[in-house]
Amino acid sequence: MLLQSGMKKFSSEFNTLNYVINNSKNILLVAHSNPDGDTAGSVSALADYLTDIGKKVDVVCYDPLPEYLKEIINLNFEFPDHLKINSYDAIIACDSV
C-alpha cells in the first residue's frame with residue numbers, strides 16, 4: 001500500500017516537472033554547494049536531456065565542479081551572480097532535498 005502511495009506521488013511530481021519543461025525554453029539548473037559525483041551526474045544528465053529536446057540550459061552553482069570530475073563530466077557551472085535570473089522560464093534544483 002505504501003509503495004502505491006509513493007508511486008502516485010512520484011507520478012504527480014513527474015507530470016508537474018514534465019509540464020514545466022514542455023512549457024519552458026530557457027531553463028536554469030541549480031546544483032548544491034560543494035558538488036559531488038551525484039550532483040554533477042544528475043545535473044549533467046538532465047542538462048543533456050534538455051539540450052537534446054531543444055531547450056537552452058545553464059547550470060549554476062556557488063562552487064566549481066571538482067577537478068576530479070572534470071575528466072568524466074563535460075559541464076560548466078556558472079556562478080549565480082553572473083546570470084540574469086529573469087531570463088529563465090524555469091529554475092530546477094537538482095540533487096536536493
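What follows is a walk through the fold of this protein, from the overall layout down to a few individual residues.

The model is a predicted one. Its secondary structure comes to three helices and three strands, and from the N terminus on these elements run α-β-α-β-α-β. Of the 97 residues, 32% count as buried. Among contacts with a separation of 6 or more, 71% are between residues 24 or more positions apart.

In general, the strands of a sheet are paired through backbone hydrogen bonds, in either a parallel or an antiparallel sense.

Strand S1, residues 26–30, pairs with S3 in the parallel sense over four bridges. Within that pairing, isoleucine 27 stands opposite alanine 90 of S3. S1 also runs parallel to S2, and five bridges join the two. Here leucine 29 has valine 59 of S2 as its bridge partner.

The loop between S1 and H2 has some details worth a look. Serine 33 is placed in this loop and is partly exposed, at 39% relative accessible area. Serine 33 and cysteine 61 are 28 residues apart in sequence, yet their C-alpha atoms lie 6.2 Å apart in space. Beyond its neighbours within four places in sequence, serine 33 is in contact with Cys61, Tyr62 and Asp63. Asparagine 34 is found in this loop as well. Its phi is near 50 degrees, a positive value in a residue other than glycine. With a relative accessibility of 61%, asparagine 34 counts as exposed.

Next comes helix H2, covering residues 37–52. H2 has 16 residues and reaches 22 Å from its first C-alpha to its last, close to the 22 Å expected at 1.5 Å a residue. At the start of H2, aspartate 36 has a side-chain oxygen that comes to within 3.3 Å of the backbone nitrogen of aspartate 38. Just after H2, glycine 54 takes a positive phi of about 95 degrees. The buried residues in H2 are Thr39, Ala40, Val43, Ser44, Leu46, Ala47 and Leu50.

Setting aside neighbours within four places in sequence, the residues in contact with threonine 39 are Ala31, His32 and Asp95.

On the charged side of things, the structure holds two salt bridges. Side chains of opposite charge can pair when their charged atoms come close. One of the bridges links aspartate 58 with lysine 56, with the closest N and O atoms 2.9 Å apart. Aspartate 58 counts as buried at 16% relative accessibility, because the cut-off for buried is under 20%. Lysine 56, in contrast, is partly exposed, with a relative accessible area of 44%.

Glutamate 67 forms a salt bridge too, with lysine 70 as its partner and the closest N and O atoms 3.0 Å apart. Both of these residues lie in helix H3 (residues 67–70), three residues apart, which is about one turn of the helix. An α-helix has 3.6 residues a turn, so residues three or four places apart point the same way. Glutamate 67 is exposed, at 58% relative accessible area, while lysine 70 is partly exposed, at 43%.

Note on methods: Residues are numbered from 1 along each chain as its sequence is written. This is a predicted model: local features need pLDDT of at least 70, side-chain atom pairs count only at pLDDT 80 or more; totals for chains, interfaces and linings use all residues. Side-chain values use heavy atoms; hydrogens and water are left out. Two strands pair if DSSP finds at least two bridges between them. A salt bridge is a side-chain nitrogen of Lys or Arg within 4 Å of a carboxyl oxygen of Asp or Glu. Buried means under 20% relative accessible area, exposed over 50%, partly exposed in between (1.4 Å probe, protein chains only). Contact means heavy atoms within 4.5 Å. The expected span of a helix is 1.5 Å times one less than its number of residues. A polar contact is a pair of N or O atoms within 3.5 Å; within protein, one must be able to donate a hydrogen and the other to accept it, and residues adjacent in sequence count only if both atoms are side-chain atoms.
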